[in-house]
Structure formats: structure tokens, C-alpha cells
Amino acid sequence: MKLTLFALAGALVLGASALQDDHHVTYDDTPFLPGSPYRVHGERPWPKVVTPAARPGGAPSDATVLFDGKDFSAWTQGGGEVSWKLDGEAMVCTGGGSIQTKASFGDCQLHLEFATPSPPRGDSQERGNSGVFLMGRYEVQVLDSFENPTYPDGQCSALYGQFPPLVNACREPGEWQTYDIVFRAPRFEEGELVSPARLTVFHNGVLTQNDRALLGATVHRQLPHYTPHEPKAPLQLQDHGNPIRYRNIWIRELDLSD
Ligand code: MG
């Protein structure tokens, strides 16, 4: 044991002195990474600086805030006024129709928070149903799946009709829950699909979808398929007739090409 501790202490001292001797910012005498114009530790474009939010879950400096509790200025309902209601820091679905962002988005990181109604009403797909439709087409299901059985590819955090979540990470009805979503838009060339939409979802901080390749736009009781569309389209929140609440919605536009 003594020898092992001695060896460990020696390694730490050696490691520290090696760090102190390393004044390089970049290296120009290291091997090139395979298939890359860049060397190991070599010069390459610097990642831009993004300032994280002061509080976890808040919008970082390069995000577009879509809803902060104040108004519906980023939203429309079929081109007109939004009929959903403001309630404190939240917006509440009133049964008047789905809402869409005025702006269009392609690849993105999306954060939002939602709460399903409490006390719960209905069962299966009739309990706390809504949905986050990326590009207005690709649904991450919102549902009260707390002790509420339904078909697995339709439960909360499912990619509706295609992939059940890896786990059921639902909180109880009425509690605030988070979605953190990474979306890569599908690519089309000359009317043909060249790469499918891809989705990663964290539900309440728990990984529920890991870079899933979607089979097409969301449909009910049918096989999905792709219809070519524009590279950016509005985000939609679904009105499924249940008074779902949403708050703290922000999005970061990304370019996930390459
Ligand atoms: Mg839904």
C-alpha cells in the first residue's frame, strides 16, 4: 500500500509539473486528426462564447425567448390572435386551437416547461394531452403519463406513433416538468429525403429519446412518411382539448450540418 501511495503522489507531482511547463495555446507539430484539416491541439475556429442563464433552466445569451410569461408576441393561432390565456408565469391551452410561433426554425435546441391538469381528468390519450410539434410536423408528445396507461408510442415524451420514451420520467399532475429537446431538421434534395429528422429529448433531465431518426411526419393510426418541405417552419404547441400549461420557452437556432 505504501508503495502504491508513493507512486500516486509521484504521478500527481509529475502531472502538475507537466501542466506548468505547457504554455502552448495551440500546437503546430502534432499529427493531423484522421480525415480532418486540423491537428491534435492545433489551431482551428474558436467556439463562440455563450453566457449561460443565471438560473438553471433559464435562457442562455444566444437563445430566442418564445414565452416568458408576459405575452403572446412570439405566437399566432392560424395567423390570427392567440386565444390561449395568460395565468401568472404560464400560458394555458383553452381549447381554441393549436398555436404556432411567428418565426420559423430548423435545427434547434428547445427548452420548455409544462404542467398537466390537476386533478387529472379522463384516461389514456384524453388525460393531459398536448404536444410539441417541431416544424409543425414532428411531435414530441405531451401527456399526463403518471399512472395513466396508454399505447407506449403515445405516452409522454414519445415521438408520437413511432418511438416510446426510453423511460417514463413523468411527474405528478400539476407539477412543472421540463423538456430539453435537440432537433435536427430533415434534409431534402430535389424533392428526395437525404437525411431524416432526428430528435433527442430530456424529460425532467432524464434522457428519453437519444438521437432518434424519425420515420416521417406525425400521424395517428397510420404509417408515417416524409413529404418534402422548407428548411425552416414554425414550432407548434398542440391544442388537444386539455388545459395544459406552458412556461419558460426558449429556443437556440443551430446548424447541425456536417
Ligand atoms: Mg399530443
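User: At what distance does a polar contact join the side chains of His203 and Asn204?

Analyst: This is a predicted model, where local features need pLDDT of at least 70, side-chain atom pairs count only at pLDDT 80 or more, and totals for chains, interfaces and linings use all residues. Residues are numbered from 1 along each chain as its sequence is written, and side-chain values use heavy atoms, with hydrogens and water left out. A polar contact is a pair of N or O atoms within 3.5 Å; within protein, one must be able to donate a hydrogen and the other to accept it, and residues adjacent in sequence count only if both atoms are side-chain atoms. For the side chains of His203 and Asn204, the distance is 3.4 Å.

User: Which side chain does a polar contact of 2.8 Å join to that of His203?

Analyst: His203 sits in strand β12 (residues 198-203); strands (E, at least two residues) are DSSP runs, numbered from the N terminus. Its relative accessible area is 0%, so His203 is buried (under 20%; exposed is over 50%, partly exposed in between; 1.4 Å probe, protein chains only). The partner at 2.8 Å is Gln177.

User: Is Asn129 buried or exposed?

Analyst: Asn129 is one of the protein donors of the magnesium ion, through OD1. Donors are N, O and S atoms within 2.8 Å of the metal (3.2 Å for Na, K and Ca); water is not among the atoms, so sites may look incomplete. Asn129 lies in the loop between β6 (108-115) and β7 (130-134) and Glu139 in strand β8 (residues 138-142), so this pair ties together parts 10 residues apart in sequence. With 2% relative accessibility, Asn129 is buried.

User: What spacing do the donors of the magnesium ion follow along the chain?

Analyst: The protein donors are Asn129 (OD1), Ser130 (O), Glu139 (OE), Gln141 (OE1) and Gln238 (OE1). They lie 2.2 to 2.4 Å from the ion. Along the chain, the spacing reads N-S-x8-E-x1-Q-x96-Q.

User: What is the angle between the planes of Tyr151 and Tyr160?

Analyst: Rings of Phe, Tyr and Trp (its six-membered ring) pair if their centres lie within 6.5 Å; planes under 30 degrees apart count as stacked, over 60 as edge-to-face and the rest as tilted. Tyr151 is partly exposed at 33%, while Tyr160 is buried at 10%. Their centres are 6.0 Å apart and the pair is edge-to-face, with the planes at 65°.

Definitions and conventions:
Helix = DSSP H or I, 4+ residues; strand = E, 2+ residues; numbered from the N terminus.
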